[in-house]
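Colleague: I am new to reading protein models. Could you walk me through a helix and a charged pair?

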Amino acid sequence: MRLTMDTLLVLNVNKELEDDLVDYLLELDCISGFTSMPVRGHGSRSQLSLAEQVTGRQQRLVMEILLDASAVDTVLAGLANHVGRDIVWWQQPVARSGRIG
């Protein structure tokens with residue numbers, strides 16, 4: 001059975017989790033690759049350090065993973081044990097994807 005890349009899984013994590021997250025994702029057979037980018041989170045002050053409260057933002061990292069919808073639960077299941085806890089995620093359907101060249 002051929003898996004389709006019909007889902008975008010987005011992980012928004014504390015930047016300190018980057019190395020563990022990259023290691024975890026690279027170990028999973030259901031993931032052929034992913035994109036990472038630094039972002040700034042804005043939100044609940046209770047989770048921000050004093051310096052972050054002053055600036056009003058927290059440095060975070062976003063990982064975008066294109067994968068088969070059936071693999072999402074597998075990826076999510078291991079995050080707490082292999083990576084950590086400060087992870088926000090969402091899943092979006094992908095109508096089409098491909099590679100040019």
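Modeller: We take the helix, then the charged pair. This is a predicted model, where local features need pLDDT of at least 70, side-chain atom pairs count only at pLDDT 80 or more, and totals for chains, interfaces and linings use all residues. Residues are numbered from 1 along each chain as its sequence is written, and side-chain values use heavy atoms, with hydrogens and water left out.

Colleague: Which residues of helix α1 are buried?

Modeller: An α-helix has 3.6 residues a turn, so residues three or four places apart point the same way. Helices (H or I, at least four residues) and strands (E, at least two) are DSSP runs, numbered from the N terminus. Buried means under 20% relative accessible area, exposed over 50%, partly exposed in between (1.4 Å probe, protein chains only). In α1, residues 18-27, the buried ones are Leu21, Tyr24 and Leu25. They fall within an arc of 95 degrees seen down the axis, so they line one face of the helix. That arc uses directions from the helix axis to the C-beta atoms. On the other side, Asp19, Leu26 and Glu27 are exposed.

Colleague: What covers the buried residues of α1?

Modeller: The cover includes β1 (7-14), β3 (58-67) and α3 (72-82). Contact here means heavy atoms within 4.5 Å.

Colleague: How many salt bridges does the structure hold?

Modeller: Side chains of opposite charge can pair when their charged atoms come close. A salt bridge needs a side-chain nitrogen of Lys or Arg within 4 Å of a carboxyl oxygen of Asp or Glu. The structure holds one. Arg60 and Asp86 form this bridge, at 3.1 Å, N to O. Arg60 sits in strand β3 and Asp86 in the loop between α3 and β4 (87-93), 26 residues apart.

Colleague: Is Arg60 buried or exposed?

Modeller: Arg60 is buried, at 7% relative accessible area. Asp86 is partly exposed, at 28%.
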